[in-house]
Amino acid sequence: MASFEMSELKKIGLGLTGFGVLFSFLGIIMLFDKGFLAIGNILFVCGVSLTIGLQSTVQFFTKPKNHKGSISFGIGFFLILVGWPFFGILAEAYGFVKLFRGFWPTAAVYLQKSPTFGWIFHHPLVTSVQRKTCPGVIVALRPITLKGMPDSL
């Protein structure tokens, strides 16, 4: 299996992103507490910036195909800060889906290969539902094997 080195900034970025998701989740659980939601948003954006780099983050959010998602995410963040957390979360959720829609197949492959959740994505019931609802993801979920290459790659 191929290993790769991760810099300290990327490790910190992944931690901040995880804490951002955690605080956002806590904010939703606590009936849209705007403090938790604001802290979660700040940590999430800072974590993504540290993980992929500041220049890549700016390029990602300013791509023409990501304008709707970026504007929606920004409006949602502003609504949370001014005290309308429910509408802010709705706008952010829309923006999040629009921004990260290209990453869902990659995330599905990662979850399929994870030792904790992988068995769920190999279950016939899940794969039949995925074929009906999103056929493009199933292509990404199929294991790719090359002739002469070991399966562990």
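This is a predicted model: local features need pLDDT of at least 70, side-chain atom pairs count only at pLDDT 80 or more; totals for chains, interfaces and linings use all residues.
Helix α2 spans residues 34-52, and helix α4 spans residues 67-82. The two helices pack at an angle of about 145°, and their axes lie 9 Å apart. The crossing of α2 with α4 is left-handed. On the α2 side, the residues that meet α4 are K34, L37, A38, N41, I42, F44 and V45. On the α4 side, F73, F77, I80 and L81 take part. Sorted by class, this contact consists of nine nonpolar residues, one polar residue and one charged residue.

Helix α2 also packs against helix α5, at an angle of about 25° and with the axes 11 Å apart. Angles under 35 degrees count as roughly parallel, so α2 is roughly parallel to α5. The crossing of α2 and α5 is left-handed. K34, L37, N41 and F44 of α2 form the contact with P85, I89, E92 and F96 of α5. The classes here are five nonpolar, one polar and two charged residues. K34, L37, N41 and F44 are listed in the contact of α2 with α4 and in the contact of α2 with α5.

Aromatic rings were examined next. A pair of aromatic rings is described by the distance of the centres and the angle of the planes. A search of the whole structure gives 10 aromatic pairs. One of them joins F44 and F100, with 6.3 Å from centre to centre and 85° between the planes, an edge-to-face arrangement. F44 belongs to helix α2, whereas F100 sits in the loop between α5 (85-99) and α6 (104-113). The pair therefore links distant parts of the chain, because its two residues are 56 residues apart. F44 has a relative accessible area of 13%, so F44 is buried, and F100 is buried with a relative accessible area of 13%.

A further pair is formed by F86 and F87, whose ring centres are 5.6 Å apart. The planes of F86 and F87 stand at 75°, and the pair is edge-to-face because planes over 60 degrees apart count as such. F86 has a relative accessibility of 42% and is therefore partly exposed.

One aromatic cluster is made up of F44, F60, F61, F73, F96 and F100. Among its members, F44 and F73 are part of the contact between α2 and α4, while F44 and F96 are part of the contact between α2 and α5.

Technical notes:
Residues are numbered from 1 along each chain as its sequence is written. Side-chain values use heavy atoms; hydrogens and water are left out. Axes are lines fitted to C-alpha atoms, for helices over the stretch in contact, and angles run from 0 to 180 degrees between N-to-C directions. Helices (H or I, at least four residues) and strands (E, at least two) are DSSP runs, numbered from the N terminus. A crossing is left-handed if the near helix is turned anticlockwise from the far one by less than a right angle, and right-handed if clockwise. Contact means heavy atoms within 4.5 Å. Ala, Val, Leu, Ile, Met, Phe, Trp, Tyr, Cys and Pro count as nonpolar, Asp, Glu, Lys and Arg as charged, and the others, Gly among them, as polar. Rings of Phe, Tyr and Trp (its six-membered ring) pair if their centres lie within 6.5 Å; planes under 30 degrees apart count as stacked, over 60 as edge-to-face and the rest as tilted. Buried means under 20% relative accessible area, exposed over 50%, partly exposed in between (1.4 Å probe, protein chains only). Angles under 35 degrees count as roughly parallel, over 145 as roughly antiparallel, 65 to 115 as roughly perpendicular and the rest as oblique.
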